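Have the coordinates open as you read, and follow along residue by residue.

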Amino acid sequence: MGLPVLSCVIGMIPEKLIERLKRIGLDETIYDSRTKKCVLSREHVDLEKVPWYEHAYFLEENNDGNTKGVSKGSFIFDPVSIVPCLALAPKKEDRILDMCAAPGTKTFILSFLTNNEAKIVANDISRQRVKRLRFNVEKFHLSVDVWNKSGRKIYEKFDRILLDAPCSGEGMVNKSEKLFKHWSEKRVKDLAKKQKRLVKHAYSILNPGGTLVYSTCTFEREENEKVIEFLLEKTDAKLDDINVKINHIPGITDSTKQCMRIYPEHNQTGGFFVAKIMKF
Ligand SMILES: C[S@@+](CC[C@H](N)C(=O)[O-])C[C@H]1O[C@@H](n2cnc3c(N)ncnc32)[C@H](O)[C@@H]1O
């Protein structure tokens with residue numbers, strides 16, 4: 001049996017991060033979690049189903065996709081990534097923007113949810129990461145336009161926008177070593193500023209009647225509820241309920257209760273925050 005993850009990372013977790021986790025009722029044992037991976041398939045696969053999406057199946061540990069019914073080279077990912085995509089509820093008639101898309105996990109899921117028939121633009125600011133995004137779009141024959149610019153330089157209008165924002169990544173328990181190296185309170189602050197600018201711009205290019213989903217893989221209130229509160233204050237945006245059956249707790253401020261906080265211990269996934277925003 002392998003050693004628990006925490007034994008590898010203990011001592012590496014910045015004190016300030018531990019303090020901040022404590023303030024929201026979490027502690028460093030979240031980095032002790034193991035997360036499950038999944039694949040998508042419309043045909044039945046001989047594996048356990050992911051409870052929150054009928055076409056997703058958990059891979060067994062050490063399974064690299066070589067399971068009956070799972071083709072080799074399948075896209076393998078943390079099943080929590082399905083949640084913001086389901087929250088967006090994309091339809092094939094919609095014009096959809098995945099604003100911060102690289103390397104393309106959620107682009108892949110959005111394409112799957114729309115049978116590869118919707119008009120999807122997958123954008124990312126990073127030239128390097130866009131290479132990976134293009135690779136995935138081509139490998140999986142996704143009918144997706146790839147753009148490489150800042151989300152804030154997009155002026156076309158969309159019916160559904162996913163803003164899976166750049167964040168401090170505290171919920172990525174499997175990548176904790178890398179995360180701890182880059183983590184700082186200043187970085188959290190800088191990211192929060194960036195997220196506010198991005199969410200406000202995303203809302204401005206949403207068609208009336210449209211849906212915007214904001215998500216991060218961090219636990220920080222500044223990067224989650226505070227960003228949503230900012231949008232609610234500055235615009236006429238309204239929150240909506242997220243109808244995805246996954247264990248979670250609600251947003252932790254009064255005006256963000258409709259948001260979802262998903263912790264590693266809830267479903268054996270990475271940590272995630274999701275908000276569903278409507279424009280009327
Ligand atoms: C959390 S990652 C996205 C993960 C991706 N949605 C997926 O599921 O594979 C955040 C991304 O935001 C990109 N990014 C950062 N600032 C941006 C901006 N101003 N406009 C567009 N993309 C940006 C980063 O390059 C990074 O790829």
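This is a predicted model: local features need pLDDT of at least 70, side-chain atom pairs count only at pLDDT 80 or more; totals for chains, interfaces and linings use all residues.

Arg129 turns to another kind of ligand atom, and here a polar side-chain atom is 2.5 Å from an oxygen.

| Residue and atom | Ligand atom | Distance |
|---|---|---|
| Arg129, polar side-chain atom | oxygen | 2.5 Å |

Which of the 21 residues around the ligand come nearest? They are Lys106, Asp124, Arg129, Gly151 and Asp164.

Now step back to the domains. The chain is divided into domain 1, residues 36–77, and domain 2, residues 79–278. Their contact draws on 17 residues from domain 1 and 23 residues from domain 2. Taken over C-alpha atoms, the centres of the two domains are 23 Å apart.

The size of an interface is often given as the accessible area lost when the parts come together. For domain 1 and domain 2 the buried area is about 1600 Å², and carbon and sulfur atoms give 72% of it. On the side of domain 1 that touches domain 2, the elements giving two or more residues are β1 (38–40) and β2 (56–58). That side has ten nonpolar, four polar and three charged residues.

How many salt bridges does the rule find across this interface? The count is zero. Polar contacts do occur between domain 1 and domain 2, in five residue pairs, with both partners at pLDDT 80 or more.

Looking over the whole structure, a search finds ten salt bridges. One to look up is Arg20 with Glu185, where the closest N and O atoms are 2.8 Å apart. This pair links distant parts of the chain: Arg20 sits in helix α2 (residues 15–23) and Glu185 in helix α7 (residues 185–204), 165 residues apart.

Two backbone details are also worth a visit. Ala102 and Pro103 are joined by a cis peptide bond, with omega at about 5°. Pro103 belongs to the loop between β3 (95–98) and α4 (105–113). The other detail is in the loop between α4 and β4 (119–123), where you will find Asn115. Asn115 is not a glycine, yet its phi is positive, near 55°.

Conventions: Residues are numbered from 1 along each chain as its sequence is written. Side-chain values use heavy atoms; hydrogens and water are left out. Domain bounds come from an automatic or database domain assignment. Contact means heavy atoms within 4.5 Å. Buried area is the accessible area (1.4 Å probe) that two parts lose on being put together, summed over both. A salt bridge is a side-chain nitrogen of Lys or Arg within 4 Å of a carboxyl oxygen of Asp or Glu. A polar contact is a pair of N or O atoms within 3.5 Å; within protein, one must be able to donate a hydrogen and the other to accept it, and residues adjacent in sequence count only if both atoms are side-chain atoms. Helices (H or I, at least four residues) and strands (E, at least two) are DSSP runs, numbered from the N terminus. Ala, Val, Leu, Ile, Met, Phe, Trp, Tyr, Cys and Pro count as nonpolar, Asp, Glu, Lys and Arg as charged, and the others, Gly among them, as polar. A residue is near a molecule or strand if one of its heavy atoms lies within 4 Å of it.
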